[in-house]
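Here are my comments on the model you sent.

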Amino acid sequence: MPRLPFANNKIINSFRGKDNMALTIRLTRMGSKKRPFYRLVVLERASRRDGRPLEFLGHYNPMVNPAEVVIDKEGYDRWIKQGAKPSDTVLSLVKAAK
């Protein structure tokens, strides 16, 4: 049976650098209880939902009628070209904002 590498192994730690990080564009929740407000952010895919983002790209407020969607198109396109993958919800919001 092969041995599993430990966390301090140089091979594993080399994948944790910024060169190999997988990026995602997704929503992070803000606001108070039962009054949600979301920000569109660029995060490393493995980070938690409310982790520190690399950049804010806009916001989404579902509590107003009609829902308010503000997206920085230039920033969004720049991150997509760099390889960031948008979540399904973000894709639907971008289509709705056009």
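**Notes on the predicted model**

1. In β2, Val 42 is the bridge partner of Ile 25. The strands β1 and β2 run antiparallel and are joined by 10 bridges.

2. The sheet as a whole is open and has 5 strands, in the order β4-β3-β2-β1-β5, with mixed pairing. β4 and β5 (85–86) are the edge strands, each pairing on one side only. Strands of a sheet pair through backbone hydrogen bonds, either parallel or antiparallel.

3. At the β4 end of that order, β3 (residues 55–61) and β4 (residues 68–71) pair in the antiparallel sense over 4 bridges. Gly 58 stands opposite Ile 71 of β4.

4. Is Asn 61 buried or exposed? Asn 61 lies in strand β3 and counts as buried because its relative accessibility is 12%, under the 20% limit. A polar atom of the Asn 61 side chain lies 3.2 Å from the backbone nitrogen of Met 63. Beyond residues up to four places away in sequence, Asn 61 touches Pro 36, Phe 37, Ala 67 and Glu 68.

5. Lys 34, in the loop between β1 and β2, is not a glycine, yet has a positive phi of about 65 degrees. Lys 34 counts as exposed because its relative accessible area is 72%, over the 50% limit.

6. The largest nonpolar core has 15 residues, and those that touch the most other members are Ile 25, Leu 27, Leu 40, Leu 57, Tyr 76, Trp 79 and Val 90. At least two residues of this core come from each of β1 (23–32), β2 (35–44), β3, α2 (73–81) and α3 (88–97).

7. Which residues does Tyr 76 contact, leaving aside neighbours within four places in sequence? They are Ile 25, Leu 57, Ile 71, Pro 86, Val 90, Leu 91 and Val 94. Ile 71 is also the residue opposite Gly 58.

8. Helix α2 lies across β1, β2, β3, β4 and β5. The angle between α2 and β3 is about 125 degrees.

Notes
Residues numbered from 1 in each chain as written. Predicted model: local features only at pLDDT ≥ 70, side-chain atom pairs only at ≥ 80, totals over all residues. Heavy atoms only, no water. Pairing = 2+ DSSP bridges. Core = buried A, V, L, I, M, F, W, Y, C linked by side-chain atoms within 4.5 Å. Buried < 20%, exposed > 50% of the residue type's maximum accessible area, 1.4 Å probe, protein only. Contact = heavy atoms within 4.5 Å. Axes fitted to C-alpha atoms, helices over the stretch in contact; angles between N-to-C directions. Polar contact = N/O pair within 3.5 Å; in protein donor to acceptor, adjacent residues only side chain to side chain.
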